[in-house]
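Work through the exercises below with the coordinates open. Try each task before reading its solution.

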Amino acid sequence: MSFKKLDSGFECINCGKQVVPLKYTSRNHCPYCLCSIHVDNDPGDRANNCHGLMVPIAIEYNSKKGYIIVHKCTHCGVIKRNKSAEDDNYDLILSIMSNTRI
């Protein structure tokens, strides 16, 4: 897997909010609703043509990486994991964690 840094802002297609670049790594998801778009095969490559909405279905905690958001594509069903960002909605993260049944 190769990582391509692509740190740009965007308008979230789920909640409509303007999302600013992170400035320290590539922005993967909306910090407000935690949704993403299925556009990458490998981080930052923009090589996937699905473009389905990736919704957060679970949160995992890793002692080295912190919170990991588990996204599932509403179009093709693929599941991907992405590290949370410093400005993510932690109330929503905690809510998802408390409602996740593994």
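**Exercise 1.** Is Tyr90 buried, exposed or partly exposed?

Solution. Start with the ground rules. This is a predicted model, where local features need pLDDT of at least 70, side-chain atom pairs count only at pLDDT 80 or more, and totals for chains, interfaces and linings use all residues. Residues are numbered from 1 along each chain as its sequence is written, and side-chain values use heavy atoms, with hydrogens and water left out. Next, take the classes: buried is under 20% relative accessible area, exposed is over 50%, and partly exposed is in between (1.4 Å probe, protein chains only). The relative accessible area of Tyr90 is 31%, so Tyr90 is partly exposed.

**Exercise 2.** Describe the fold along the sequence and the confidence in its elements.

Solution. Elements are DSSP runs numbered from the N terminus: helices (H or I) have at least four residues, strands (E) at least two. The chain has six strands and one helix. Their order is β-β-β-β-β-β-α. The chain mean is 87, and 88% of the residues reach 70 or more. Among the elements, S5 has the highest mean (95) and H1 the lowest (88).

**Exercise 3.** Classify the aromatic pairs and trace what they link.

Solution. Apply the rule first. Rings of Phe, Tyr and Trp (its six-membered ring) pair if their centres lie within 6.5 Å; planes under 30 degrees apart are stacked, over 60 edge-to-face, the rest tilted. The count is two aromatic pairs. The ring centres of Tyr61 and Tyr67 are 5.2 Å apart and the planes are at 65 degrees, so this pair is edge-to-face. The pair of Tyr67 and Tyr90 is tilted, with 5.6 Å centre to centre and 55 degrees between the planes. Tyr67 lies in strand S5 (residues 66–73) and Tyr90 in helix H1, so this pair ties together parts 23 residues apart in sequence. Together, ring pairs link Tyr61, Tyr67 and Tyr90 into a cluster. Check the exposure too. Tyr61 is exposed at 53% relative accessible area. Tyr67 is partly exposed at 23%.

**Exercise 4.** Which residues does Cys15 touch, not counting residues up to four places away in sequence?

Solution. Cys15 is in the loop between strand S1 (10–11) and strand S2 (18–19). Cys15 is partly exposed, with a relative accessible area of 34%. The residues touched by Cys15 are Cys30, Tyr32 and Cys33. The C-alpha atoms of Cys15 and Tyr32 are separated by 7.9 Å, at 17 residues apart along the chain.

How values were computed: pLDDT is the predictor's confidence in each residue, from 0 to 100. Contact means heavy atoms within 4.5 Å.
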